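Open the model in your viewer and keep the sequence panel beside it. The stops below say what to select and what is there.

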Amino acid sequence: MLLPFFTSLRDAKVPVSMKEWLHLMEAMDRGVIGRQVDDFYHLSRAVLVKDEKHYDRFDQVFAKVFKGLETVGPDEVAVTDIPEDWLRLLNEKYLTDEEKAQIEAMGGFEELMETLKKRLEEQESRHEGGNRWIGTGGTSPFGNGGYNPEGVRIGGQSRQGRAVKVWEKREYRNLDDSVELGTRNIKVALRRLRRFARQCAPDELDMDATIDGTARQGWLDIHMRPERRNTIKVLMLLDIGGSMDGHIKLCEELFSAARTEFKHLEFFYFHNCLYEGVWKDNRRRHTERTATWDLIHKYPADWRVIFVGDATMSPYEITMPGGSVEHWNEEAGAIWMRRAVEHWDKVAWLNPSPERYWSYSASVGLMRELVDQRMYPLTLGGLEQAMRSLAK
C-alpha cells in the first residue's frame with residue numbers, strides 16, 4: 001500500500017523525492033509512531049511535504065490511497081471500503097462518553113456500522129430526504145445535510161455538527177496554490193520579495209563574533225553590528241471603486257499583509273487606469289491628489305511597483321484622451337502606463353479576477369500588453385510568480 005501512496009503523490013504534482021521517502025521508511029522502521037492511521041498521516045505529511053501549499057493535494061491523495069471517501073461528482077456519492085479497525089480507533093479517539101452513550105441507543109457502534117454496510121449494498125440511486133436511505137436532508141443516520149444524533153456523514157459539508165465522524169476532513173483546503181488568498185497565505189508569498197542587508201549604526205550584538213573574539217583574546221571581547229533590515233522598497237497602486245467593490249476583502253488582506261512584510265511601503269489609489277493623478281484618501285480624492293509625475297520623480301527606479309486591479313473597463317478609458325469616467329484626462333491612460341513601466345522596470349499587476357475570465361475583456365488584454373505581460377492572478381501561485389519576477 002505504501003508504494004502506491006508514493007506514486008500517487010508524484011502523480012498529483014506533490015514534489016516528493018526518493019530521499020524523503022527513504023526518511024519516512026526509516027522513521028517507520030525505528031517505530032517513531034504507533035499503528036494508528038492518524039499518526040502515520042501526521043508523520044508522512046511532516047516528512048514528505050516541503051511547502052504548505054501542497055497540503056490540500058496531500059490530503060486528497062492520502063484519502064484516496066488509504067480507502068477514504070472519494071467524491072465522483074457534485075450530485076453523486078462515491079463509496080469505497082472503510083476498514084473496520086479504522087472506524088473503531090476513531091470511535092474511541094473522537095467521541096465523548098455522552099456521544100458513545102447515544103450510539104448505544106441505536107444498538108452500539110457495531111450495529112451502526114453493520115446497518116451502514118447493508119444500506120450501501122441495497123441502495124442503487126441518490127436519495128433526497130427521508131429517514132432510511134443514505135442521502136441528503138433527511139433523518140437517516142447516514143448521509144449529509146440532515147439530522148440524526150447518531151449519524152455518519154458521507155460527503156458534503158456539515159450542517160448539524162452531530163455526525164459520529166466526519167470522514168476525510170481536509171484541514172488545509174485554503175492552501176492550494178490555485179485558490180484565492182487569506183492574509184496568512186499572502187504573507188508567506190510576499191516573503192519571496194524580501195531582501196535583507198545590515199544598515200544603520202552598529203547597535204546589535206554580534207554573538208558569533210563576540211564568542212570568537214573572547215576565545216581568541218582570553219577576555220570578554222564584545223562585537224556589535226548594524227541591524228538587519230529588509231531593503232526592498234515597494235510602491236503599491238490600488239484600483240478602487242466600480243467593479244473592484246467585489247474584491248474589497250481580498251485587497252484588504254493583501255494590503256494588510258504587505259504593510260506587515262515590507263518596511264518600505266508606499267501606496268496610492270487610482271480608478272480603473274493610471275492617469276495624471278492618484279490619491280491617498282478616497283474621501284478626498286477630488287480635492288487632495290498627488291500628480292503622477294511627482295510619483296515618478298520622488299520614487300527612483302529601484303522601487304518595485306505593484307498594481308492591483310481587475311483591469312475591467314471600457315477600452316476607451318485606456319486608449320483615448322477623455323476616456324476616464326470621472327474626469328477629463330488630457331492624455332490617454334496608456335501613455336501614463338507606459339511612462340510608469342519605462343521608469344520602474346520592476347512592475348507587476350495583480351488581478352483579483354479569475355484568470356479564466358481575462359480573455360473575455362478587451363481591456364484586460366490591453367493592460368497586459370502595457371505591463372509587458374506581467375499580469376498575475378491574485379492566487380497563491382500567481383502571487384509567488386509576481387514576487388519572483390519583482391525579485392530578479
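How many bridges join β12 to strand β13 (residues 375–377), and do they run parallel or antiparallel? Three bridges join them, and the two strands run parallel. Strands pair here if DSSP finds at least two bridges between them. Helices (H or I, at least four residues) and strands (E, at least two) are DSSP runs, numbered from the N terminus.

**Before going on**

This is a predicted model, in which local features need pLDDT of at least 70 and side-chain atom pairs count only at pLDDT 80 or more, while totals for chains, interfaces and linings use all residues. Residues are numbered from 1 along each chain as its sequence is written, and side-chain values use heavy atoms, with hydrogens and water left out.

**Stop 1: the whole chain**

Show everything as a cartoon. The protein has 15 helices and 13 strands. Of its 392 residues, 43% are buried; buried means under 20% relative accessible area, exposed over 50%, and partly exposed in between (1.4 Å probe, protein chains only). Among contacts (heavy atoms within 4.5 Å) with a separation of 6 or more, 62% are between residues 24 or more positions apart.

Now colour by pLDDT, the predictor's confidence in each residue, from 0 to 100. The protein averages 75, and 64% of the residues score at least 70. Confidence is highest in helix α13 (residues 333–343), at a mean of 96, and lowest in strand β4 (residues 163–166), at 34. Over residues 145–167 the pLDDT is below 50, and the model gives this stretch 62 contacts beyond near neighbours in sequence. Residues 69–80 also stay under 50, with 15 contacts beyond four places in sequence. Where pLDDT is low, the predicted coordinates should not be read in detail.

**Stop 2**

Select residues 347–351, which form β12; five of its five residues are buried. V347, W349 and N351 are on one side, A348 and L350 on the other, and both faces are covered. Towards β13, W349 stands opposite M375.

From β12 the chain crosses through helix α14 (residues 362–370) to β13, a right-handed β-α-β crossover. Right-handed means that, with the strands pointing away from the viewer, the path from the first strand over the helix to the second runs clockwise.

**Stop 3: helix α14**

Select residues 362–370 of α14 and show side chains. Which residues of α14 are buried? They are S363, V364, M367 and L370. Seen down the axis, these buried residues fall within an arc of 120°, so they line one face of α14; the arc is that of the directions from the helix axis to the C-beta atoms. What covers them includes α12 (316–319), α13, β12 and β13. A362 and E369 are exposed on the face turned away from the buried side. Just after α14, D372 has a positive phi of about 55°. Most residues other than glycine have a negative phi, and most peptide bonds are trans.

**Stop 4**

Go to α1 (2–11). Its buried residues are F5, F6 and L9, and they cover an arc of only 100° around the axis, which puts them on the same side of α1. They pack against α2, α3 and α4 (55–65). The exposed residues L3 and D11 are on the face turned away from the buried side.

K13 sits in the loop between α1 and α2 (18–29). Its phi is positive, near 70°, and K13 counts as exposed at 63% relative accessibility.

Next select α3 (residues 37–48): its end C-alpha atoms are 16 Å apart, which agrees with the 16 Å that its twelve residues should span at 1.5 Å a residue. The expected span is 1.5 Å times one less than the number of residues. Buried residues of α3 include F40, Y41 and L48.

**Stop 4: two single residues**

N272 lies in the loop between β8 (264–270) and β9 (277–278). N272 has a positive phi of about 70°. Is N272 buried or exposed? N272 is buried, with a relative accessible area of 7%.

Last, select L190 in helix α8 (residues 183–190). L190 is buried, at 2% relative accessible area. Leaving aside neighbours within four places in sequence, its contacts are A257, A258, E261, F262, L383 and M387. L190 and R388 are 198 residues apart in sequence and 9.5 Å apart in space, C-alpha to C-alpha.
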